[in-house]
Amino acid sequence: MARAVKKKKGRKAKVGRVERFARSAFSWLFRILWWLGIRAAIVLVVAIGIGVAYYHSKLPDFDNIMDGRNRGSVTMMDRSNTVFAWRGDQHHVTSATDVSPHLVHAVVATEDRRFFSHFGLDVRGLARAALVNYRAGGTVQGGSSLTQQVAKLVFFDNERTLERKIKEVPAALALELKFSKNEILSIYMNRAYLGAGATGFEAASQRYFGKSAAEVSPAEAAMLAGLLRAPTRFAPTNNLALAQERAETIITLMRDQGYLTEQQAAVAIAQPAVLSKAAAERAGGSFADWVMSSGPDFLTRSTTEDIAVTTTFDPRIQKAAEAALTHVFETKVRPGSKAQAAVVVMSRDGAVRAMIGGRDLGGTEGQFNRATQAKRQTGSLFKTFVYAAALQSGASPLDRVLDEPLTLRVPGSGDWSPKNYTRNYRGEITLVEAFRESINTSAVRVSEGTGRERIRALAQDLGVNSPMSDGPALALGVSEATLLEMTGAYAGILNGGVTAIPYGIRQLRLKSDGTELMSSGRPQSVRVLNERAAAQMVWMMNQVVENGTGGRARLEGRPAAGKTGTTQAARDAWFIGFTGDYVAGVWMGYDNNKPLSGVTGGGLPADIWRETMTRIHEGMLVTPLPMEEPVPETPQIIAAAGEAPARVVENVSEAVETVFKNVLNGLFGRN
C-alpha cells in the first residue's frame with residue numbers, strides 16, 4: 001500500500017516538472033516573439049512613417065494635382081461652331097462639391113462605400129477581397145480603397161505587383177494627411193480615365209451626354225461610375241447596351257446603400273442613360289482624323305494644351321453623303337459585299353465639308369482613311385488634266401482628233417498601243433466627243449500633241465502631289481493619287497482655274513483663354529488655268545454628264561459636270577464632279593486591289609455621287625455652272641508627233657498669235 005502511494009507521488013512530480021518546463025518554454029518563446037514583434041512593429045511603423053513623409057513631400061498642391069494627363073486635347077467644332085468630335089485626352093477641372101450628388105454617390109457606392117469613414121485603408125474591404133481571392137485561387141477582386149486608387153493615379157502605373165500594393169499604403173496615408181476627403185475625391189474624379197479620350201467626370205459627362213457633371217441624372221451618374229472598372233469596354237460610344245447593363249448594377253448598389261429610394265432606382269432603370277446627339281452620331285470621324293494629321297503637329301497630335309479647332313465640317317452634308325452611300329449599297333450592291341467606298345465633298349474654294357473614309361464592315365476598316373491615305377490609279381479621271389492642258393495651250397473643244405489605232409515607241413519598253421474600252425474606233429472626232437466618251441486613243445494623241453510635261457505641271461499646280469508617270473500612258477491615268485487630291489484638283493477647275501487646295505481648319509485657339517493660335521489653314525490660291533480654258537473645260541465635263549459616260553450622275557433640274565474613271569481590270573472606279581456650289585468625289589474598290597465585278601466609274605460611283613448631291617442640294621436655289629460653250633471656228637487637228645500638222649490657219653496674224661502662245665506656254669506652262 002505504501003509502495004503504491006509512493007509511485008503515484010512520483011508520477012505527479014514527473015508530470016509537474018514537464019508542465020513547469022512547458023510553461024517556462026512557452027513563456028520564453030512568447031517573450032521572444034513579443035520582443036521581436038514589438039521591434040518589428042516599431043520598424044514597420046518607422047518604415048511607414050518614412051514612406052508617408054516621402055510621398056507627402058512629393059505631393060503637389062491641390063490645384064496642380066487635378067490634371068494628370070500626359071498630353072492635351074483637341075475639341076473640334078463644325079462650320080456652325082457646334083462640337084462634333086474630340087481627340088486627345090479631354091479634361092475639364094471640377095470639384096467633388098460642384099458635381100451632382102448622384103455622381104458622388106455612384107462613385108462611392110461602386111468604388112469604396114466606407115470612403116468617408118476610414119483613414120485611407122479599408123481594412124474590412126481588404127480582408128473581404130483577400131478571402132474572395134483565396135477561394136478563387138487568384139486575383140478576382142480588389143480591395144483598394146478610393147484613396148489607394150488616387151495614390152495609384154498620382155504615383156504609380158497600372159502594373160499589378162505586390163511591391164506596388166505595398167507602396168500604395170504610405171502613399172494613401174500621405175494623401176489622407178495632406179488633403180481632405182472631398183479634395184481626395186475631387187482628385188479622383190478629375191484624374192480617372194473614362195473612355196473615348198475623356199479624363200475626369202466633367203469631360204466624360206460632356207463627351208457622352210453633352211452636359212455638365214453637375215446636371216447628370218441618377219441613370220447618367222451610374223453609367224459614368226460604371227466606366228471606372230473598364231473604360232473602353234463599358235464606353236457607351238462603344239457599346240451602349242453594355243454600358244446600360246453596367247449602369248443598372250450601379251443603380252442597384254446606390255439603392256441598397258440608401259442613396260436612392262426604390263422609386264428613384266426604378267425610374268433610373270426604366271429610363272437608362274443615352275448618348276447626346278453629337279456623341280450618338282459620331283459624325284465626321286474620318287474628317288476629324290484628317291484634321292489631326294493635316295494641322296500643325298504641336299497643336300494637334302502632340303499638343304500639351306487643350307486646343308479648340310473651328311473647322312469647315314458641315315454635319316448636314318456629312319449625313320447626306322452617309323445616307324447616299326448606305327442607300328446605294330443596300331439597293332444596288334449584292335448583300336455581304338466587301339467592296340469599299342470613299343466620298344469627299346468640298347466647296348469650290350477647297351473647304352472640305354464632309355468625308356467618308358470607308359465603309360464600316362465590323363472590323364478594322366474604319367482605322368484606314370481611303371479618302372486621304374489610299375493612293376489608287378486614277379484611270380480616265382486624269383484625262384481632265386490632259387484636255388485642260390490642251391485648252392490652256394489654245395485648243396478648242398471643237399478641234400478634231402483621230403480615234404484610230406496608235407503605236408508609240410517607248411524607250412526601254414518597246415512599242416506601246418493604247419486600246420479603247422469598246423475596242424471600236426470612230427475615225428476623226430471632236431475633242432469634246434473624245435472626252436465625253438472617254439476615248440483612250442484620242443486622249444493619248446491629245447497628250448502627245450500638247451506635251452506630257454505641260455500636263456504633269458498643270459495637274460501638280462491644281463494639287464495632285466503624288467508622283468506621275470513619265471511615259472505616254474500618263475494620259476490614261478496609270479499614276480496614283482488620293483481621292484482628296486483629285487477632288488481638290490477638280491475644285492480648282494470649278495473655281496475658274498484658281499487653285500482650291502483642300503483645307504479643313506478655319507481657326508485654332510487655346511480653350512483656356514481663347515487665345516488664337518492660327519487663323520486659317522486655307523492655302524493661298526493661285527491661278528493656274530486661264531478663265532477661258534477653265535470655263536470650256538467645265539462645259540466639256542457637263543457634256544460627260546448630259547450626253548456621255550456620266551449619264552447616271554445627271555441631276556434633276558440642276559446642271560452638273562464631272563468625269564468617270566475606271567482603271568485596268570476595274571480595280572478602281574471613280575466619279576468626280578460638281579454643281580455650281582459643291583464638288584464631290586467618289587471612289588470604289590477593294591483594299592486588296594481585287595477587281596470589281598461589273599462596276600465602272602459611270603455605274604455605282606456615279607449613282608453614289610448623284611444620291612449624295614441630290615440630298616445635299618435639297619431646298620437650295622440652282623446655281624449655274626461657270627461654263628462657256630465654244631464658238632465654232634476653223635478646227636485644229638490634234639495629233640501625236642508625225643501624224644498631222646499641228647493646226648490649219650487661215651492667215652498670217654493667226655499663225656503668229658499661235659506661235660507666240662506656244663512660246664509662252666513652253667516657258668511658263670500656262671497663259
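This is a predicted model: local features need pLDDT of at least 70, side-chain atom pairs count only at pLDDT 80 or more; totals for chains, interfaces and linings use all residues.
Let's start with an open sheet of 3 strands in the order β12-β9-β19, with mixed pairing (strands pair if DSSP finds at least two bridges between them; a strand is a DSSP run of E of at least two residues, and a helix a run of H or I of at least four, numbered from the N terminus). Residues are numbered from 1 along each chain as its sequence is written, and side-chain values use heavy atoms, leaving out hydrogens and water.

Strand β9 (residues 400-403) runs antiparallel to β12, joined to it by 4 bridges. Val401 has Ile429 in β12 as its bridge partner. Across β9, β12 and β19 lies helix α18 (residues 440-450), at about 130 degrees to β9 (angles run from 0 to 180 degrees between N-to-C directions, with axes fitted to C-alpha atoms, for helices over the stretch in contact).

Now to the helix pairs. The axes of α3 (residues 101-111) and α7 (residues 181-191) come within 12 Å and cross at roughly 90 degrees. That makes α3 roughly perpendicular to α7 (65 to 115 degrees). Here Leu103, Val104, Val107 and Glu111 of α3 meet Leu185, Tyr188 and Met189 of α7 (contact means heavy atoms within 4.5 Å).

Helices α9 (residues 218-226) and α11 (residues 240-256) pack at about 105 degrees, their axes 8 Å apart, which means that α9 is roughly perpendicular to α11. Among the residues in contact are Ala222 and Met223 of α9 and Ala247 and Ile250 of α11.

Note on methods
Angles under 35 degrees count as roughly parallel, over 145 as roughly antiparallel, 65 to 115 as roughly perpendicular and the rest as oblique.
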